[in-house]
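Here is a note for someone opening this structure for the first time. The points below can be read with the structure in view.

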Amino acid sequence: MSKERIKISEDLYDIMPSDYQDLVKSATYGKEDRGWKDIGNSKELIEQHSLCAGCPESMAFRYILASLPNPEDTVMVGSTGCTSLVFPMVAVHNIHSLFGNQNAIASGLKRALSVRFPGRTKDVVVLAGDGATVDIGLDMTLQAWFRQEKFTTICFDNELYANTGGQESGLMQKGFVAKMAPVGKLFDKVRLPEIARESGCHYVVQCTVSKPSLIEKVVRNAVMISREIGPTYLQLYTPCILEIGKNSMEGLQEMRDSEKPTERFAYKEYVSEPAKQLLAEMAAKDKEKKAAAKQLASQGA
Amino acid sequence: MTQYRVLPGPEHFLPPSAASMGICLPNPGEAHVNGVIVPEERAYEEAAKQFLMAKVPTIFPGPLVLWAWNEKAAKKATAVRHLYNTLKECVQPGQTPMLIPMPDYRPKYPKINPEVEINPNHPNLTIWHNKIDCCMFVGVHCHQANLALKIIRGGTSCYTVAMCAQAGHEDAMLSFRDASVEKIMKLAEWVRKLKGTVQPRLTSAKSGASN
């Protein structure tokens, strides 16, 4: 895994827009320990985007793209929603599926990739909003988990249909009144993390995106577990500041407020036994690697 | 046999696909000029003539040559650069050859500068702003080339040439097929051969825009 596959033809290098030159020069493709700390030091796999100023979803996008363990061999599957406005700016292969279809597309894609590239690790990551994951696409979401399809599903939960003006979604909290749902939600927020666990997901996390290091950890874990064992699910709170009446600067505080232990986005994690074993093995390998590096450094000094 | 000819536009907002009007693709060793199948040699001559006549002859290399996917792609890129350099040497004062990349097919809002890169979804903007009156697509995936060629024919008077690595393009005014390094170099040779024999046009491309 490296930048070998993204070389610009030497004779046409000078006419390539600088974005592409920068990607080749300083993006983190192939970097083993890539993570959110690369943001600002290297060319990001997303730079400009068309989301609203201060949108927490854009933060989430940055952290996720910085944390993918294998971006040059990852295909992301998106669905209709605010996320689909960002994908054209992303330097990772991606497919826009029909609304709600994302997990079905990802199932076929993952299987096809394993047949087409038997010797190479290819990751598939679904990234969709709560409407696509829980309402319109719930059937496809669940069926993929039942079948133990080996890919990660990430849900950007903003608790409503944001880019169509604020309609009620299954993940909206009970009693919430939105611009296009004036009566208020009559039933509880769907407990998808619990449903995911019962449906066969090996790693389930619910959290906000207020802490980049946490997002880096959970994204990496989810992708590695889905690669080796089976489906994984992340539900990330990315509030729509416009639809909940906040200003651009208030997204982060909204997430911090919502992740307190008594709040609805308190950190929740479920790890299956095989996944626990894999994580332990990964941790042991990391430790070994760090110890070897430390020894090498001390020998050098 | 169809009477329809693939000519410089502006044809109209939604021009028909040339294939639906009965234009056929050439067989190996052939090309088409305005939808009429001709021997490849004839097409080299015509393409070189169109380049030398144009006020702003332009090459649009696509991702298949911009990126060094393999050795062949890198060699094609070298040939494209050679063709561009030859054009620069062979045109007369007042003519401005250009080499504009098509690095991405996705809409890049709000970032794209249509004058420095061309996007198949809005090729007419690049043609209009740079006043391009003759262009050649090379290394562009066929489905995107078809789309862009049709939009250019619909909205501009630009003469389009396709140097296609597959079976050619009906929607171009002139199309080669099975493009290779040798074919691109041969076109450059023809440009050199016809240097000084063709009178350049004095006006640039007409716009089909109503505003």
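1. F146(A) sits in helix α6 of chain A. The model is a predicted one. Is F146(A) buried or exposed? F146(A) counts as exposed, because it has 11 C-beta neighbours inside 10 Å, and the limit for an exposed residue is 12 or fewer. Leaving aside residues up to four places away in sequence, F146(A) touches S199(A) and G200(A). T208(A) is 62 residues from F146(A) in sequence, and the C-alpha atoms of F146(A) and T208(A) are 26 Å apart in space.

2. The helix that holds F146(A), α6 (residues 138-146) of chain A, packs with helix α4 (residues 102-116) of chain A. The angle is about 35° and the axes are 7 Å apart. On the α4(A) side, Q102(A), N103(A), A104(A), A106(A) and S107(A) make the contact; on the α6(A) side, M140(A), T141(A) and A144(A) do. By class, the residues of this contact are 4 nonpolar and 4 polar, with no charged residue.

3. From α8(A), the residues involved are N221(A), M224(A), I225(A) and E228(A); they meet A275(A), L278(A), L279(A) and M282(A) of α10(A). This contact has 6 nonpolar residues, 1 polar and 1 charged.

4. As a whole, chain A has 10 helices and 9 strands. Its radius of gyration is 20 Å, close to the 19 Å given by the globule rule for 301 residues, so chain A is as compact as a globular protein of that length. Along the principal axes, the C-alpha atoms of chain A fill a box of roughly 65 × 50 × 40 Å. Of the 301 residues in chain A, 46% are buried. When contacts between residues at least 6 apart in sequence are taken, 66% of those in chain A join residues at least 24 apart.

5. Chain B comes to 6 helices and 7 strands. In sequence order the pattern of chain B is β-β-α-β-α-α-β-α-β-α-β-β-α. The C-alpha trace of chain B spans about 45 × 40 × 40 Å along its principal axes. Buried residues are 48% of the 211 residues in chain B. Of the contacts in chain B with a separation of 6 or more, 68% come from residues 24 or more positions apart.

6. How many residues does each chain give to the contact between the chains? Chain A gives 14 residues and chain B gives 21 residues. The side of chain A that touches chain B has 8 nonpolar, 3 polar and 3 charged residues.

7. The largest nonpolar core has 139 residues, and V80(B) and M163(B) touch the most other members. Helix α3 (residues 71-90) of chain B gives the largest share of this core, 8 residues. Apart from residues up to four places away in sequence, V80(B) touches I59(B), P61(B), V65(B), V138(B) and I184(B), and also L12(A) of the other chain.

8. Some backbone features deserve a check. Most residues other than glycine have a negative phi, and most peptide bonds are trans. E159(A), which is not a glycine, has a positive phi of about 65°. E159(A) is placed in the loop between β4 (152-157) and β5 (160-161) of chain A, and it is buried, because 26 other C-beta atoms lie within 10 Å. N34(B), also not a glycine, has a positive phi of about 55°. N34(B) lies in the loop between β1 and β2 (36-39) of chain B; with 17 other C-beta atoms within 10 Å, N34(B) is partly exposed.

9. The remaining backbone point is a peptide bond. G9(B) and P10(B) are joined by a cis peptide bond, with omega about 0°. P10(B) is in the segment before β1 (30-33) of chain B.

Terms used: Residues numbered from 1 in each chain as written. Chains lettered and ligands numbered in written order. Predicted model: local features only at pLDDT ≥ 70, side-chain atom pairs only at ≥ 80, totals over all residues. Axes fitted to C-alpha atoms, helices over the stretch in contact; angles between N-to-C directions. Helix = DSSP H or I, 4+ residues; strand = E, 2+ residues; numbered from the N terminus. Contact = placed C-beta atoms within 7 Å. Nonpolar A, V, L, I, M, F, W, Y, C, P; charged D, E, K, R; others polar. Rg over C-alpha atoms; globule rule 2.2 N^0.38 Å. Buried ≥ 20, exposed ≤ 12 C-beta atoms within 10 Å, placed from the backbone. Core = buried A, V, L, I, M, F, W, Y, C linked by C-beta atoms within 7 Å.
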